[in-house]
Amino acid sequence: MSGRDCDIAIVGGGLSGGLIALALAVHRPDVSVKLMEAGDALGGNHRWSWFGTDLSAEGAALMDGFRTTEWNDGYHVRFPKYLRHLKSSYVSLASPDFAARLERDLPAGTVITGTEVSAVDTAGVELADGRRITARSVIDCRGFTPTNTLEGGWQVFMGRHLRTPEPHGVARPTIMDAHVDQRAPHGNGGAYRFVYVLPLGSHDLFIEDTYYADKPQLDRSALSARIDEYQRQMGWTGDPVGFETGVLPVITGGDFSAFQRQHRVEGVAQAGARGGFVHPLTSYTLPIAVEVALAVAADADLPGDQMAAKLEARARRHWSRMGHYRMLGTMLFCGARPRERYRVFERFYRLREPLIERFYAGRSTLLDKLRVLAGKPPIPITRGIGALMSKAPPLTDPSRKDT
C-alpha cells in the first residue's frame, strides 16, 4: 500500500481536467484518480465545438461516449462579399452533457466538487476546507490567468440559447457571420465581430456574439442588445433559456519560457490553458485537450516530477508549432484597421477546404502557410511585418470587470 489517497490528483474539472480523468478511466482503470472542481458541477457553463476532421481516431473514440449535437452536412460562413458552404462535419458539446458522462463513467469517489483548492505541491493538494489529498502526481488544470509574459488580444463573447415557438428552419451551423456591424461595444477598443449560430434542435438555437477585441471588457447589456438586433434581422423570436459568456486570450507573441517559469510549481504538471495548451488564434481547444489527455494516460505511471517535465516539454513543442497562428493573430490585431479586420477571415475562407480544416486542427503544412500569405492579402505583408516588429500589449488587465 502506498498510503496515498490516489495515484493522480487533477485540480480543475473543466475541459482539460475532465478529459484527463476520462482518458485515465478508459485506458488505465488501474490508476486511481481524484478530480477536484471548485464549482458545483464539472465543466462549468460552456459549450465546446470542433470539426469532424480535428480529432485522431483515438481522440474520436474518447469523445464518442458524450451526448453531442452533430451536423454531418457541413456549415456556413458569411461575409459582406459572399456566403460559402463548407462540407466538414461539426460537433458541439454542452457542459451539462460533459458533466453527465464524467459522473457516469468515472469510478465512484473520483470527483470532489464545491471546494476550492488553496495550494498544490509535488505530493498533493490542500483544499480550502482543511483536507489534504495526497498523490503520486498532481496535474493543475485551473485555467488561464492574465500574464505580462504573453502578448495579444482577447476573444470576448456572449451566447444565448433561444427556444422558438415555431420551427426556426435553420438546418446547418453558421460558424462565422461577419455580415454585421463591425463597431465594437463602447470601451472595447478595436474589434473584429461575427455571430455564431448553432441549430440545436427544431425549436432551439444557440446564438453567440463574438469579438476579437483589443481589450477584455465584457459589456453584457451591449452584447445582449446586439443579439436582440441579430434575432430581429433574422426573424427569430422566442424565449432565452440559457446564457454563456467568456473572455479568452488570443496570443500573438511573448516569452513562453517566462510564462512557464511564472506558473511553475516544482513537481506539479500543468495542462489546459494554464499549461499553454491553446490554439492561439481560434480558441478551439478541445482537440488539443483530447491529445494531452491521451498523452497523460499513455504515461500514467510517471512520478510527479517526470509528469511535470513531460507536459512542460510538450507545451514548448506546441508553442513552437503554433508560431504561424500567432503571426496571423498579430497581423489581425496590429496590421488591420479595426473595421477592416473581417477582411482577414473573408480572404481566408476563399482558400481550399482541406487547408481550412488543417488550420482549425492546428496542423497547417508549410505549403498551407505560404498559401495563406500569398496573393493579395487584405493586410499588406509589409504592414504585417511591421506589426510583428512592434510590441503587442501583454495579456493583463488589472482593472477588468464585467458590466
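Colleague: Which residues of α7 are buried?

Modeller: This is a predicted model, and in its helix α7 the buried residues are G304, M307, A308, L311, E312, A315, H318 and W319.

Colleague: How do you know that they sit on the same side of α7?

Modeller: Their arc around the axis is only 130°, which means that they lie on the same side of α7.

Colleague: What makes you say that the reach of α7 is close to the expected one?

Modeller: Helix α7 runs over residues 304–321, 18 residues in all, and spans 26 Å from its first C-alpha to its last. At 1.5 Å a residue the expected value is 26 Å, and the span is close to that.

Colleague: Good. Where do H318 and W319 turn up again?

Modeller: They are in the lining of the second largest cavity, together with I251, G276, V278, P280, M322 and R326. That cavity holds about 50 Å³ of space. The search of the whole structure finds 3 cavities of 30 Å³ or more.

Colleague: Why is it called a cavity rather than a pocket?

Modeller: Because a 1.4 Å probe fits at its points but cannot get out, whereas a pocket is an open set. By class, the lining of the second largest cavity has 5 nonpolar, 2 polar and 1 charged residues.

Colleague: And what is the volume of the second largest pocket?

Modeller: The second largest pocket has about 370 Å³. It is lined by 17 residues, and the closest to its centre are R47, A94, P96, H161 and L200.

Colleague: Which elements each supply at least two residues of that lining?

Modeller: β7 (90–94), α3 (95–105) and β16 (239–254) do. The lining of the second largest pocket divides into 5 nonpolar, 8 polar and 4 charged residues.

Colleague: Let's turn to charges. Why is the contact of R67 with D97 called a salt bridge?

Modeller: The closest N and O atoms of R67 and D97 are 3.4 Å apart, and the cut-off is within 4 Å, so the pair counts as a salt bridge. R67 is in the loop between α2 (57–63) and β4 (69–71), while D97 is in helix α3, 30 residues apart, so the pair links distant parts of the chain.

Colleague: What makes R67 exposed?

Modeller: R67 has 64% relative accessibility. Exposed means over 50%, so R67 counts as exposed.

Colleague: What about R132, which pairs with D121?

Modeller: The closest N and O atoms of R132 and D121 are 3.0 Å apart, and they form a salt bridge. The pair links R132 in strand β11 (residues 132–140) with D121 in strand β9 (residues 117–121), 11 residues apart. R132 has a relative accessible area of 32% and D121 one of 26%. Buried is under 20% and exposed is over 50%, so both are partly exposed.

Colleague: Is D368 buried or exposed?

Modeller: D368 has a relative accessible area of 1%, and buried means under 20%, so D368 is buried. R358, at 26% relative accessibility, counts as partly exposed.

Colleague: What joins R28, D30 and D301 into one network?

Modeller: Salt bridges that share partners join R28, D30 and D301. By the rule used here, the count comes to 22 salt bridges.

Technical notes
Residues are numbered from 1 along each chain as its sequence is written. This is a predicted model: local features need pLDDT of at least 70, side-chain atom pairs count only at pLDDT 80 or more; totals for chains, interfaces and linings use all residues. Side-chain values use heavy atoms; hydrogens and water are left out. Helices (H or I, at least four residues) and strands (E, at least two) are DSSP runs, numbered from the N terminus. The expected span of a helix is 1.5 Å times one less than its number of residues. Buried means under 20% relative accessible area, exposed over 50%, partly exposed in between (1.4 Å probe, protein chains only). The arc is that of the directions from the helix axis to the C-beta atoms. On a 1 Å grid over the protein atoms alone, a cavity is a set of points where a 1.4 Å probe fits but cannot get out, and a pocket is an open set with protein on both sides within 12 Å along at least five of seven lines; lining residues have an atom within 4 Å of a point. Grid points are joined across faces, edges and corners, and a volume is the space filled by probe spheres set on the points. Ala, Val, Leu, Ile, Met, Phe, Trp, Tyr, Cys and Pro count as nonpolar, Asp, Glu, Lys and Arg as charged, and the others, Gly among them, as polar. A salt bridge is a side-chain nitrogen of Lys or Arg within 4 Å of a carboxyl oxygen of Asp or Glu.
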